[in-house]
Amino acid sequence: MSDKAKHMIKRIGILTSGGDAPGMNAAIRSVVLAAHHYHYDVVGFYHGFNGLLREEHIAQAKVLTADDVHNIIQRGGTILKSARCPDMLTEKGLQQAATTLTDQYIDALIVIGGDGSFNGLLALQAFWLGQIIGIPGTIDNDLDSTDFTIGFATAVNTAIEAIDKIRDTADAFERIFIVEVMGRHSGHITFNVGIASGAEQVLSFENFSINNKQATLQKLAAEINTAQQSNHGSYIIVMAENLWQGGAVALADELKHQADVDCTACVLGHIQRGGSPVPKDRLLGTKMGVAAVQALNAGKHNIMIAEQNSGICHVSLADAVKHTKTVNQQLVDAQENILALTVQNQY
Ligand code: F6P
């Protein structure tokens, strides 16, 4: 983009897309405040990309004022609402989105979301010539090229607080719990929560494969029995969603009926998506929002704002969605080889 074009930016569109994440509001707020600093208008589109597609939602597109973002930094969810939008993968949908952006005189679009949302944003480029910027917002922390995504720290904190409570009752009754946490298909939440809550076992995609279901059940049962006999009153397994067919409830049921081990399943679910963002997510959202507007002001295009080694930087949007970020191997090894209360780690 030429220098001339870059100084012509006047209206920035913003939307939140995919699973909401605590800290998205902090990012919206800082985009609005930073845009005003540079004398740009910000138009908020509601309900994710649907806000660009459907007539009734276009009517809800709104120029955001400082008043609109007052008193939201501490709130979970997103004031712009969110949605998943399969139509953004169709030519008709993309064309419609481009028409809306043009009709609304939008020069640049900021999307706060995860990899699915960024794929929609990338596809839009074939139909619309404005600047595009992604801000990583998902509790899953699975976006490559950024150490953290907005919402991850809060989700981990929420799950840990819940498990601390489960531990009390588990200890009192000397019970075994299987606690299922979110993360879609990656184990960032599972490992961080498992380790920080002192779980006896962590079961996730990175350390667990099910070749033979019966053998897996028997092995798990043996681990739990041995550990319980040796020292512990309670035994907590933190397990990733989508790992076991039917989830924690099915695993608990199968352990009971096929291996005679009495487990209680607890699915934490959407509680992990809500709640007031912890300071780390408020700060990350704020830093990324400011950086996104500064990047637009500097004529940057087609990038994701990222955090690497505690510093904010820019990465190519296409690179950010190329791979799913893997869980830190040191974390996996520490849990597997040292911390887990399994037969192999006992002496
Ligand atoms: O991507 C965020 C996330 O909360 C995942 O952890 C989870 O798998 C998914 O969204 C749940 O999506 P939905 O709320 O649409 O069921």
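Me: How do the residues of the shell around the ligand divide into nonpolar, polar and charged?
Reply: This is a predicted model, in which local features need pLDDT of at least 70 and side-chain atom pairs pLDDT 80 or more, while totals for chains, interfaces and linings use all residues. Residues are numbered from 1 along each chain as its sequence is written, and side-chain values use heavy atoms, with hydrogens and water left out. The shell, meaning residues with a heavy atom within 4 Å of the ligand, includes Ile-139, Met-182, Gly-183, Glu-241 and His-270. With Gly counted as polar and Asp, Glu, Lys and Arg as charged, the shell divides into two nonpolar, three polar and five charged.

Me: Which side chain has an N or O atom 2.7 Å from an oxygen atom of the ligand?
Reply: Polar contacts here are pairs of N or O atoms within 3.5 Å, and both Arg-84 and Arg-273 place a polar side-chain atom 2.9 Å from a ligand oxygen. The 2.7 Å distance to an oxygen atom of the ligand belongs to the side chain of Asp-140.

Me: How much of the ligand's exposed area does the protein bury?
Reply: Accessible areas come from the Shrake-Rupley method with a 1.4 Å probe. Taken alone, the ligand exposes 400 Å², and the share of this that the protein buries is 75%.

Me: Why does the ligand lie between domain 1 and domain 2?
Reply: An automatic or database domain assignment gives domain 1 (3-151 + 277-320) and domain 2 (154-273), whose C-alpha centres lie 35 Å apart. The ligand lies between them because its shell receives residues from both domain 1 and domain 2.

Notes:
A polar contact is a pair of N or O atoms within 3.5 Å; within protein, one must be able to donate a hydrogen and the other to accept it, and residues adjacent in sequence count only if both atoms are side-chain atoms.
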